[in-house]
Amino acid sequence: MKNIAILMSTYNGEKYVEEQIISIFHQNYDESQLNLTLYIRDDHSSDSTREIIAKLSKKYNIVLDFDGQNLGFAKSFYKLLDKAEADYYFFADQDDVWVPNKLSLFVDRFNKLENQGQKNIGVFSDAWIANELAESTGKRLLEARSPRIRDYKLSFLDQLFEFYAQGASMAVNKRIIEKLLELPFTEIPFKESHDHFIGLVVSHIGCMSYIHEATLLYRQTGSNVYGARNDANKSILQRLESISSRVKTVQFLLLTAELVSASIGSEVNKGISDELQKLNTKKNIYYATKFFIRYRRYVSYSNPIIVSLLYGIYFNPNTVLHQQILSLIHRRCPHENNLGTSTKL
């Protein structure tokens with residue numbers, strides 16, 4: 001029997017959390033083959049979220065953590081990594097709804113990859129964009145980006161400039177969790193999403209496999225409104241401003257990528273950490289332009305050359321943050337707690 005741990009961080013989710021929990025425990029799966037446990041850490045809610053979860057825990061197999069301080073979304077999820085013991089770990093948001101075959105689709109994919117000899121495995125899927133009532137709008141979260149995912153595998157290079165794997169539609173095996181707990185995610189000196197970080201780690205050392213089917217309803221509640229980048233009706237000036245803003249986001253993505261690649265190493269992506277360190281160390285338009293042109297297929301799907309040239313011009317590394325990243329890479333301290341405050345690299 002395989003043990004499944006589903007990790008959910010909640011915060012003031014009284015309107016939707018019950019529907020999500022019910023959708024998780026009403027999955028179509030063979031109970032003789034899978035043992036399902038939902039681990040919930042409440043991030044200091046001030047509404048009735050805790051009472052709702054406590055009530056549901058009397059009916060379903062739920063492990064509760066109501067004792068922690070407010071950590072914020074990503075760190076609260078990351079703290080849950082240390083709580084469970086399982087073969088496969090799924091991430092779940094409090095306000096989504098899982099489709100009935102989500103669990104079986106993911107487990108089947110894990111089994112297939114294991115039979116192929118894969119050891120370090122992550123799986124993610126597409127999702128339906130849904131309204132506040134969890135009714136599908138007919139649009140998919142990865143609608144515009146999924147054609148760029150080749151052979152249903154997300155590479156490390158794919159994630160240098162773009163977000164793909166949403167935490168709510170992601171699962172990893174135990175070996176990935178063990179690696180994540182060695183890395184200093186919570187010490188990254190800027191806001192970094194746990195799902196992007198996990199996606200980078202998986203694809204750097206193993207296989208990040210994509211399921212094209214939409215396996216959940218990604219509910220839009222007003223605070224998480226889905227916003228695809230749409231430049232179709234923008235002026236040239238507005239498009240340039242959009243690219244300039246995008247490059248600022250990419251600067252942070254590349255710092256995280258350097259941390260991951262330099263910390264754990266990989267024969268598959270050998271040399272990328274040196275390239276990233278050179279890029280992030282100081283402003284050099286010539287080198288930056290060469291870098292983005294070299295990886296142009298990952299920079300832009302529709303206009304790779306033009307966008308890469310603009311990235312090279314606009315890219316301005318944050319040397320202060322880069323020094324902090326280097327200190328995390330070079331440190332050799334033992335792992336002390338479940339937040340990665342002191343890290344063994």
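1. Contacts of N61. In this predicted model, N61 touches F25, N35, L36, T37 and L38, leaving aside residues up to four places away in sequence. One link stands out for a closer look. The side chain of N61 makes a polar contact with the side chain of T37, at 2.9 Å.

2. Where N61 sits. Find N61 in the loop between α2 (49-56) and β3 (62-65). N61 and P147 are 86 residues apart in sequence, and their C-alpha atoms are 38 Å apart in space.

3. Helix α2 has T49, I52, I53 and L56 as its buried residues. Why do they line one face of the helix? Seen down the axis of α2, these buried residues fall within an arc of 95°, so they line one face. An α-helix has 3.6 residues a turn, so residues three or four places apart point the same way. What covers the buried residues of α2? The cover includes β1 (2-10), α1, β2 (34-42) and β3.

4. A stacked pair. The count of aromatic pairs comes to 19. One of them joins F25 and Y60. Their rings are stacked, with 4.7 Å centre to centre and 10° between the planes. F25 lies in helix α1 (residues 17-25) and Y60 in the loop between α2 and β3, so the pair ties together parts that are 35 residues apart in sequence. F25 is buried, with a relative accessible area of 14%. Y60 is also buried, at 13%. Recall that F25 is among the residues that N61 touches.

5. A tilted pair. F190 and F252 form an aromatic pair of the tilted kind. F252 is partly exposed, at 34%.

6. An aromatic cluster. Look next at F161, F291, F292, Y295, Y298, Y311 and F315. They form one aromatic cluster.

7. Charges over rings. The charged end of K102 sits over the ring of W98, 4.7 Å from the ring centre. The charged end of R140 sits over the ring of W128, also 4.7 Å from its centre. R140 belongs to strand β7 (residues 136-140). Which backbone oxygen lies 2.7 Å from a polar atom of the R140 side chain? That oxygen belongs to H212. R140 and E213 are 73 residues apart in sequence, yet 9.6 Å apart in space, C-alpha to C-alpha.

8. Backbone angles to check. Most residues other than glycine have a negative phi. H44 has a positive phi, near 65°, and is not a glycine. H44 lies in the loop between β2 and α2. A134 is not a glycine either, and its phi is positive, about 65°. A134 is in the loop between β6 (121-130) and β7. A134 is buried, because its relative accessible area is 11%, and buried means under 20%.

Definitions and conventions: Residues are numbered from 1 along each chain as its sequence is written. This is a predicted model: local features need pLDDT of at least 70, side-chain atom pairs count only at pLDDT 80 or more; totals for chains, interfaces and linings use all residues. Side-chain values use heavy atoms; hydrogens and water are left out. Helices (H or I, at least four residues) and strands (E, at least two) are DSSP runs, numbered from the N terminus. Contact means heavy atoms within 4.5 Å. A polar contact is a pair of N or O atoms within 3.5 Å; within protein, one must be able to donate a hydrogen and the other to accept it, and residues adjacent in sequence count only if both atoms are side-chain atoms. Rings of Phe, Tyr and Trp (its six-membered ring) pair if their centres lie within 6.5 Å; planes under 30 degrees apart count as stacked, over 60 as edge-to-face and the rest as tilted. Buried means under 20% relative accessible area, exposed over 50%, partly exposed in between (1.4 Å probe, protein chains only). A charge sits over a ring if NZ of Lys or CZ of Arg is within 6 Å of the ring centre and within 35 degrees of the ring normal. The arc is that of the directions from the helix axis to the C-beta atoms.
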